Amino acid sequence: MSDELELAPVDGSVDPDQVQHRFSGVLRLACFFGMILVLFFLMNAMITSGLRRTKTSAFGSWNQVMEGKVNADIVVVGSSRASVQYDPRTIEAVTGHSAYNLGINGTQTDMQVAFFKAYLEHNRKPHTVLFNLDAFAFVTSHEVFNPAQYMPYLYDRALYDALRKINPEIWKSRYLPLYGYVVEDMNYTWVHGIEAFFGHSPAEDYFLGFNPRYRSWSSDFERYQAANPKKVSFDIEPAGVADVEDLIQVCKKNGIDLIFIYSPEYKQMQMMTSNRAEIFDHFRKFTEQYNIPMWDYSDWPHDSDTSFFYNSQHLNATGAAAFSLDVADRLRQYLTAQ
């Protein structure tokens with residue numbers, strides 16, 4: 001009993017050995033979590049570096065833009081309907097001017113304009129912008145589609161500000177290591193980043209930003225029709241109207257010639273859009289107010305031929321080749337007359 005009592009100080013003082021032991025434990029725990037945090041930062045840097053090093057496919061196209069290596073005379077701005085339908089190689093061959101496609105899959109006008117602003121920050125301004133119009137051109141983004149495509153470039157103010165308006169939580173992807181790649185990304189883009197870091201790039205499927213789709217018509221449209229027997233409509237949001245005007249003002253400020261183009265869509269899809277006339281009235285208000293040419297391909301000769309489309313809104317590679325030739329020839333005449 002006397003031996004046990006001797007283990008504890010009788011005057012209430014703290015045993016120095018116990019304090020040192022506790023401090024050592026806290027220090028080891030702090031070091032452990034510190035190492036984990038360092039590993040998170042290193043892994044995040046590795047993924048981002050790998051994606052920025054990618055030379056092919058979508059990230060390869062983005063990297064050309066963000067590194068200021070494009071500097072084209074003619075650029076195409078728009079959604080996936082732009083990215084899969086305008087072949088800059090054809091435009092270059094016919095017009096004699098360099099061209100690049102800035103279309104982004106799954107985007108509304110606000111993000112399309114943001115990407116164009118980022119382009120202008122890093123590249124020489126073009127002399128002509130072809131803006132692809134959509135029936136949903138006046139609908140703003142309500143969520144960020146495929147957020148991982150923006151992760152390596154959140155340092156860019158134009159992109160970051162536009163993304164923050166859509167998702168105020170985007171700061172987490174910018175400042176918290178791995179958050180954007182693990183929490184926001186559902187496509188395992190981080191895997192491609194690691195592969196690219198070690199020198200493996202995906203197969204090339206983007207050509208000057210153009211992403212041709214080698215697909216055939218499916219039965220998706222018939223199912224879409226059946227699900228929407230009373231037709232469909234697209235909102236005309238004031239913020240969406242302002243986004244289109246923002247693009248106009250950016251071009252006007254920089255002395256860039258702007259052309260509106262409504263690219264082909266499947267004829268029956270046009271007939272399903274109940275407020276199509278109202279949407280086009282808004283397009284025409286802009287063209288009249290700002291003297292912008294508008295090339296409307298709503299009556300494209302092949303708009304009822306499913307061999308040129310892979311769905312109601314998008315041309316396949318065959319259709320894109322034919323349409324790009326039509327646009328390029330018209331653009332050559334337009335530039336010659338300028």
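Modeller: Let us begin with contact, which means heavy atoms within 4.5 Å. This is a predicted model, in which local features need pLDDT of at least 70, side-chain atom pairs count only at pLDDT 80 or more, and totals for chains, interfaces and linings use all residues. Residues are numbered from 1 along each chain as its sequence is written, and side-chain values use heavy atoms, with hydrogens and water left out.

Colleague: Which residues does S61 touch, not counting those up to four places away in sequence?

Modeller: Leaving out those sequence neighbours, S61 is in contact with Y100, Y206 and G209. S61 belongs to helix α3, residues 57-66. Helices (H or I, at least four residues) and strands (E, at least two) are DSSP runs, numbered from the N terminus.

Colleague: Is S61 buried or exposed?

Modeller: S61 counts as buried because its relative accessibility is 11%. The term buried means under 20% relative accessible area, exposed means over 50%, and partly exposed lies in between (1.4 Å probe, protein chains only).

Colleague: Which distant parts of the chain does the pair R81 and D134 link?

Modeller: The side chains of R81 and D134 form a salt bridge at 2.6 Å, N to O. R81 is in helix α4 (residues 80-83), while D134 is in the loop between β3 (128-133) and α7 (157-166), 53 residues apart. Both R81 and D134 are buried.

Colleague: Where do D281 and R284 lie?

Modeller: D281 and R284 both lie in helix α14 (residues 276-290), 3 residues apart, about one turn of the helix. Their salt bridge is 3.7 Å, N to O. D281 is partly exposed because its relative accessible area is 40%, and R284 is partly exposed because its value is 37%.

Colleague: What about R332 and D329?

Modeller: R332 and D329 form a salt bridge, with the closest N and O atoms 2.8 Å apart. They are 3 residues apart in helix α15 (residues 317-337), so about one helical turn separates them. There is also a network of salt bridges linking R157, D161 and R164.

Colleague: Lastly, helix α2. How exposed is A45?

Modeller: A45 is partly exposed, with a relative accessible area of 42%, and its place is in helix α2 (residues 16-53). A45 and F197 are 152 residues apart in sequence and 9.9 Å apart in space, C-alpha to C-alpha.

Colleague: And I36?

Modeller: I36 is also found in helix α2, and I36 counts as partly exposed because its relative accessibility is 31%.

How values were computed
A salt bridge is a side-chain nitrogen of Lys or Arg within 4 Å of a carboxyl oxygen of Asp or Glu.
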